[in-house]
Amino acid sequence: MKAVIQRVIEASVTIEGKVVSEIKSGLLVLIGIVAEDTKEDIDWLVKKIVNLRIFNDENNVMNNSLKDVDGEAIIVSQFTLQASTKKGNRPSYLKAAKPDIAIPLYKQFVSEFKNQLGKAVGTGEFGADMKVSLINDGPVTIVINTKQKE
């Protein structure tokens, strides 16, 4: 499972001209799922993201987590994070999990994120043509891959 975490001042997801999720200060989290991902990947990644100390404290040092600042979150499934660009110029998405595997894992991820954060989170819609907009704060963007825990 790969995640791109962006600290934002605001973010939203629009589908067919309708805003389906919108937040102010918090995180926009893009998730790419592979068939080999498990509940263990979900649990590890959610805990890591919710507690990631990337928000400024009173001394302007990144010392606070999303939980510490009572921030909001939007979680968007994005299969293109699993793209392989090894050969040629057209990315291959063969590593990305098919919907029958990815949808339940995405839903589990969102549910666990809500539980860990202690409040509702915004989402996109799996498989929809989404327009995601954000104002990146910092900018702070972090990429995490559960298969390469560093």
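These legends describe the whole chain and then close-up views of parts of a predicted model. Residues are numbered from 1 along each chain as its sequence is written, and side-chain values use heavy atoms, without hydrogens and water. Local features need pLDDT of at least 70 and side-chain atom pairs count only at pLDDT 80 or more, while totals for chains, interfaces and linings use all residues.

Figure 1. Helices (H or I, at least four residues) and strands (E, at least two) are DSSP runs, numbered from the N terminus. Along the sequence their pattern is β-β-β-α-β-β-β-α-β-β. The radius of gyration, taken over C-alpha atoms, is compared with a globule rule of 2.2 Å times the number of residues to the power 0.38. For 150 residues, a compact globule would come near 15 Å, and the protein chain agrees because its value is 15 Å. The C-alpha atoms fill a box of roughly 45 × 40 × 30 Å along the principal axes. Buried residues (under 20% relative accessible area, with exposed over 50% and partly exposed in between; 1.4 Å probe, protein chains only) make up 41% of the 150 residues.

**Figure 2. Helix α2 covers residues 99-117.** The expected span of a helix is 1.5 Å times one less than its number of residues. The 19 residues of α2 should therefore span 27 Å, and the end C-alpha atoms, 26 Å apart, agree with this. Just after α2, Gly118 has a positive phi of about 85°.

**Figure 3. One side of the story of α2 is its buried residues.** These are Ala102, Leu105, Tyr106, Phe109, Val110, Glu112, Phe113 and Leu117. Their cover includes β3 (26-32), α1 (39-51), β6 (72-77) and β7 (122-123).

**Figure 4. The largest nonpolar core has 29 residues.** A nonpolar core is a set of buried Ala, Val, Leu, Ile, Met, Phe, Trp, Tyr and Cys residues joined through side-chain atoms within 4.5 Å. Ile31, Ile49, Ile75, Phe109 and Phe113 have the most contacts inside this core. Two or more residues each come from β1 (2-15), β3, α1, β6, α2 and β8 (130-145). Helix α2 gives the most, with 7 residues. Another core, of 11 residues, lies apart from it; Val8, Ala11, Ile74 and Met130 are among them.

**Figure 5. Ile31 has contacts beyond its sequence neighbours.** Contact means heavy atoms within 4.5 Å. Leaving aside neighbours within four places in sequence, Ile31 is in contact with Met1, Lys2, Ala3, Leu45, Ile75, Val76, Ser77, Gln78, Leu81 and Phe109.
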